[in-house]
Amino acid sequence: MLRRCTTCSLKFAVSRTPSLSLRRYSVPGNHTSPWLQNRPQGTADEVYTTQTQQAVGFLKRYAKWCFIGFSGIGLTLLSAAAATHLWIERVEFAPETDQDSLKWEWDLEAERWGQAESGGTDPALGFMGRFGVRSAWLEHYWTSPGTLKEGQPVPNRVTSFDAAPLERRLETTRNFLDDVLDIALTKESSGQLSSQTVTDILVRRADILERMGTKAGLSEARYELQRVWTRLAGKGPLATRAALKLGDLNFRLGDADSALAWWSRCIQLISPVNDPSQTALITPSSPPSSPSAQRILASTLVSLSAFYATSGQLNQAQTVQESALDLLRSIQTPEPSSTPPPLPQTLHALYILHRSSLISVHHAEVLYALKNPPAQSMKWLSQAAQSSERVAFALTGLPMIHPKAPDSKIPHPPSSEEPLLPGYSKSLSMKRPAKSLLRDARRSAAEAWNLLGVLHEGKGDAKSLQASLNCYERALGWAGVGTDGTHGGGRSGDGILEVEWKVLLGNYVRVRDALRASAAAPNQK
């Protein structure tokens, strides 16, 4: 009876347990998930192979487009480099064809980078040599000065640079010229290259070394120019220019005797009557007929004037300066006429006028040092300032008189940022001499006005202080650049050192404050 009840209880318990079987959904047709319907159904190996092929295909397409993209970028850069070198070869190294520039011998002033007579780099240099010349020119003129770096010794060279900061642009240019010079000397020794090409490269390398400004660079530049002098046998316009440059380099290196000897050789070469037995340094009684020789003579006289004035030989300096000014005045300048003279002739006259203004500044300083009345020095400084301004205005095409008052005698404001006239800036042989002359004219104008302001300030009275303030203000106008319009701007311009700019600004502020204090004193009483 008990067993029977237990069996009934178990059956009842089983019947009350919920069912664990899967619920079936009514889905007509294929029971495969929709996102798997289009995938190939196969073995695991087939699926793995398909996925591998797809990955490889993607990588191939990616590599293809990367190759096309990088090839396009490479071809663009290569085309730009080729176009740049072609431009330098055909435009920058083209021969001078302007007859007026040839007449006034500005082609002799042009920088030569080993060009052939017909223009372009010398084909005898070969591909690497010609490429190196163009790269040196490109680095020098189309690259920003960049950062300064310490000078590094040059392998396989007799001299080396000291540990002074150098412009990276100049350092790279010198390295290119070093490689070109090695190629040129090898080809010259085998008779494949003209000696003039090697001479041009030596001159350019000496110029780059001088621009570096280090003592070792100046010494190596002197060595290179001595090689040029030897190669030219001391004859020709290039030898004359090398003698002038050697005198300047020896002067900067502190070798006074060698400097005087080289300047003497330079004057002998360009004098109308050349006496080889003459060893004394004598200023010629008449200028040479060659325009290029006249410019070299003017620069040599400036160097002599500065040498005697800075070495304490004041009486000798005064004698040289007076004879030099008389000689430069005898050089004919273009007469005013309705037809303006050619630009090469005008540039020549402006060059001579600026050199005269530099000697006038030296002469004023020497007269003051010799205890002459300050009025004499002020007269020479005033002439120098006006001459320098005339040069700067002429090169930029500005009038001497203020444009808002053309009938008055009010001078034109200083133009420290006005560009060169297009006739000069687009000329193959005149653009760089004109640019250098404009920079030097602005600098000499600022120097002359500053010294004139110092002499006015020394008098001490209110009228003289006001005149001094006007001079300092004009000096700042020529020395500074900027857009704020405050006395020439807030920073130094081209060719003006930051230290010099601070001195000019300090002079102006000192006199301005003194005038304000003197004006405020009566009100306080």
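Student: Why is Arg 439 called partly exposed?

Tutor: The relative accessible area of Arg 439 is 32%. Buried means under 20%, exposed means over 50%, and partly exposed is what lies in between, with a 1.4 Å probe and protein chains only. Arg 439 is therefore partly exposed. Please note that this is a predicted model, in which local features need pLDDT of at least 70 and side-chain atom pairs count only at pLDDT 80 or more, while totals for chains, interfaces and linings use all residues. Residues are numbered from 1 along each chain as its sequence is written, and side-chain values use heavy atoms, with hydrogens and water left out.

Student: What makes the contact of Asp 440 with Arg 439 a salt bridge?

Tutor: A salt bridge requires a side-chain nitrogen of Lys or Arg within 4 Å of a carboxyl oxygen of Asp or Glu. The closest N and O atoms of Asp 440 and Arg 439 are 3.2 Å apart, so the pair meets the definition. Asp 440 has 21% relative accessibility and therefore counts as partly exposed.

Student: How many salt bridges does a search of the whole structure find?

Tutor: The search finds 24. One of them joins the side chains of Arg 474 and Glu 389, with N to O at 2.6 Å. This pair links distant parts of the chain, since Arg 474 is in helix α16 (residues 462-479) and Glu 389 is in helix α13, 85 residues apart. Arg 474 and Glu 389 are both buried. The helices named here (H or I, at least four residues) and the strands (E, at least two) are DSSP runs numbered from the N terminus.

Student: Which helices are linked by the salt bridge of Arg 510 and Glu 457?

Tutor: The N to O distance in that salt bridge is 2.9 Å. Arg 510 is in helix α17 (residues 498-524) and Glu 457 is in helix α15, 53 residues apart. At 40% relative accessibility, Arg 510 counts as partly exposed. Elsewhere, salt bridges that share partners form one network of Glu 171, Arg 174, Asp 178, Arg 205, Glu 220, Glu 224 and Arg 227.

Student: Why is α13 described as roughly antiparallel to α15?

Tutor: The axes of α13 (residues 374-396) and α15 (residues 431-459) come within 8 Å and cross at roughly 150°. That angle makes α13 roughly antiparallel to α15. Angles under 35 degrees count as roughly parallel, over 145 as roughly antiparallel, 65 to 115 as roughly perpendicular, and the rest as oblique. The axes are lines fitted to C-alpha atoms, for helices over the stretch in contact, and angles run from 0 to 180 degrees between N-to-C directions.

Student: What is the handedness of the crossing in which α13 passes α15?

Tutor: The crossing is left-handed, a term for a near helix turned anticlockwise from the far one by less than a right angle, with right-handed used if clockwise. The contact of α13 with α15 has 18 nonpolar, six polar and three charged residues. Here Ala, Val, Leu, Ile, Met, Phe, Trp, Tyr, Cys and Pro count as nonpolar, Asp, Glu, Lys and Arg as charged, and the others, Gly among them, as polar.

Student: What makes α8 roughly antiparallel to α9?

Tutor: Helix α8 (residues 237-252) and helix α9 (residues 256-270) pack at an angle of about 160°, their axes being 7 Å apart. This angle makes α8 roughly antiparallel to α9, and their crossing is left-handed.

Student: Why are α10 and α11 roughly antiparallel to each other?

Tutor: Helix α10 (residues 291-310) and helix α11 (residues 314-329) pack at about 160°, with axes 8 Å apart. They are therefore roughly antiparallel to each other. Helix α10 passes α11 in a left-handed crossing.

Student: What is remarked about the phi of Lys 371?

Tutor: The phi of Lys 371 is near 70°, a positive value in a residue other than glycine. Most residues other than glycine have a negative phi. Lys 371 lies in the loop between α12 (343-369) and α13, and with 74% relative accessibility it counts as exposed. Glu 105 also has a positive phi, near 60°, and lies in the loop between α3 (99-103) and α4 (126-141).

Student: How many disulfides does the structure hold?

Tutor: The structure holds zero, a disulfide being a pair of cysteine sulfur atoms within 2.5 Å. Cys 266 has 0% relative accessibility and therefore counts as buried, whereas Cys 66, at 25%, is partly exposed.
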